[in-house]
Amino acid sequence: MKIFHKQKFFKDNKLIKKYKFCDITLLRKEKSPTKKKWNFLGIKISYKLKQTKHQNINTNPKDIITINKDSLITNLWGAFKEIDVRVKKNKKRFINIIMPNLAPKMSAGPLSIIWMGKKLSDLGYNIRILPLNTDSINNANEVIAGQEAGLEEFAKNVIVDYSIALNAPVYISPNDMTIATLFNSAYFARQIQKKCKDHNFIYMIQDYERDFFSASSVGFLSDNTYYMDYYALFSSKFLEDFFIQNNIGHIKTRKLKHISYLCPCNSYLPSKENFILNRKNKKQFVFYARPHIDRNAYALSAYIIIKAVEKGIFKLNEWEFWGVGSQQKMRIDLGHGIYLNQLPNMSLDEYKNMLPSFDIMLSLMATPHHSMPPIDAALSGCVVVTNSSDIKTQEEFNKMSHNIIACNPDETSLLEGLKKATVLCNKLEDRYKNSLVTYPTSMEQALTKTHHTWFKNILK
């Protein structure tokens with residue numbers, strides 16, 4: 001017996017509405033008032049309508065897994081959480097910056113959000129930060145002030161409001177503007193702006209987040225945010241070009257307003273004399289090693305380093321190997337009794353001061369964003385091997401610094417890149433010269449008059 005769906009064979013039958021499936025059986029010539037003949041490819045078959053019933057499933061209640069609705073919201077990064085937005089006509093106008101977390105020592109991405117708020121505050125706007133968790137609820141302003149020098153005054157003036165995290169009402173004025181900083185915050189920003197005169201929010205896009213989550217529910221959710229109504233603020237020209245060229249979220253078709261800025265780097269370049277003279281006895285290789293972040297391609301990077309040692313690209317008696325970027329205590333066995341050791345977690349100042357001592361860095365990024373470590377290191381005098389892509393080319397990296405070598409992310413190309421780096425790293429004069437590039441090291445430098453005008457036009 002073969003079961004076909006009702007609509008495939010009995011679309012016009014009036015009785016079909018009563019039945020979900022039909023049994024089709026091969027029969028010899030028979031006469032029956034309940035069966036009708038039908039020719040199919042010369043074979044005489046008959047059919048009869050038969051109502052199907054759901055079978056009772058005898059299951060032990062102990063074997064049943066109950067899915068809690070709140071856990072679903074959590075697993076979807078809270079994107080479908082409804083917030084209670086209340087409009088007060090006489091309330092002061094704010095720019096609401098929604099960010100995932102406030103933590104004592106934040107990395108480059110979250111820290112850029114804080115500095116963005118500080119810059120907008122300097123331009124005369126009232127800033128309110130809406131964290132999505134309550135980790136620093138008792139000392140939020142102290143946490144902001146303690147990030148880096150220069151944030152102390154901003155920390156005194158900024159309002160930190162935990163209403164979303166606490167499921168409390170969010171009070172706004174009709175003229176408020178909201179900035180989303182991570183894909184899930186876009187869902188909250190949209191809810192707030194729907195109650196405002198301008199329904200578009202500002203989307204601070206620091207990477208193509210769809211690539212973060214591969215094929216998954218969260219991948220869908222992140223991709224869907226690019227189809228929302230927003231003003232796009234990209235943290236690099238690479239990202240802006242990628243979105244426009246690929247029409248991500250129909251940004252080009254919909255003619256959404258967009259602008260990019262150069263995300264500030266954390267480079268440090270000492271005097272030329274100190275840079276050349278203060279070299280260590282052994283050359284220093286550093287790997288941006290983050291096994292917990294898929295987009296930094298930890299496994300591929302580690303494999304390439306091991307192969308480079310096997311092929312003799314590095315003379316082992318001349319090199320020391322280090323990893324940065326992870327809090328895990330780990331090391332990679334490179335063979336011949338040599339290990340790549342993870343450096344302990346350090347402050348931003350310690351990281352910056354260490355950069356000029358490195359000779360070669362390997363740092364991969366499996367998204368359109370170039371990421372900041374290659375820029376930090378290259379402008380500190382280090383030769384950097386990173387990956388190219390359709391939007392990230394050697395020509396584009398050369399506009400930043402000739403200390404950067406862009407390779408296809410395959411074994412042959414990356415090994416060739418490291419081989420080239422071992423030659424270039426000996427040319428200290430060239431390395432220093434290639435670091436003398438004008439590049440913003442603060443949000444004050446990154447946001448120019450053009451950006452001020454862009455914000456003014458949106459917030460008028």
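**Close-up views of a predicted model**

**View A. Ile-65 in its loop.** In this predicted model, Ile-65 is found in the loop that lies between β4 (43–49) and α2 (69–75). The relative accessible area of Ile-65 is 71%, and the residue is therefore classed as exposed, the cut-off for that class being over 50%. Together with Ile-67 and Leu-72, Ile-65 makes a nonpolar surface patch of about 340 Å².

**View B. The open sheet of 7 strands.** The strands of this sheet follow the order β16-β17-β15-β14-β18-β19-β20, and their pairing is mixed. At the edges stand β16 (331–335) and β20 (404–407), each of which pairs on one side only. From one strand to the next, the twist averages 20 degrees.

**View C. The pairing of β16 with β17.** The edge strand β16 pairs with β17 (residues 338–342) in the antiparallel sense, and the pairing extends over 4 bridges. Within this view, Gly-335 stands opposite Ile-338, a residue of β17.

**View D. Two helices and the sheet.** Helix α10, which comprises residues 298–310, lies across β14 (283–288), β15 (319–324), β16, β17 and β18 (360–362), and runs at about 30 degrees to β16. Helix α14, made of residues 411–424, also packs on the sheet, where it touches β14, β15, β18, β19 (383–387) and β20.

Note on methods:
Residues are numbered from 1 along each chain as its sequence is written. This is a predicted model: local features need pLDDT of at least 70, side-chain atom pairs count only at pLDDT 80 or more; totals for chains, interfaces and linings use all residues. Side-chain values use heavy atoms; hydrogens and water are left out. Patches are made of residues with over 30% relative accessible area and no salt bridge: like charges are joined within 9 Å, nonpolar side chains (Val, Leu, Ile, Met, Phe, Trp, Tyr) within 5 Å. Accessible areas come from the Shrake-Rupley method with a 1.4 Å probe; for residues, only the protein chains shown count as cover. A salt bridge is a side-chain nitrogen of Lys or Arg within 4 Å of a carboxyl oxygen of Asp or Glu. Buried means under 20% relative accessible area, exposed over 50%, partly exposed in between (1.4 Å probe, protein chains only). Two strands pair if DSSP finds at least two bridges between them. Axes are lines fitted to C-alpha atoms, for helices over the stretch in contact, and angles run from 0 to 180 degrees between N-to-C directions. Contact means heavy atoms within 4.5 Å.
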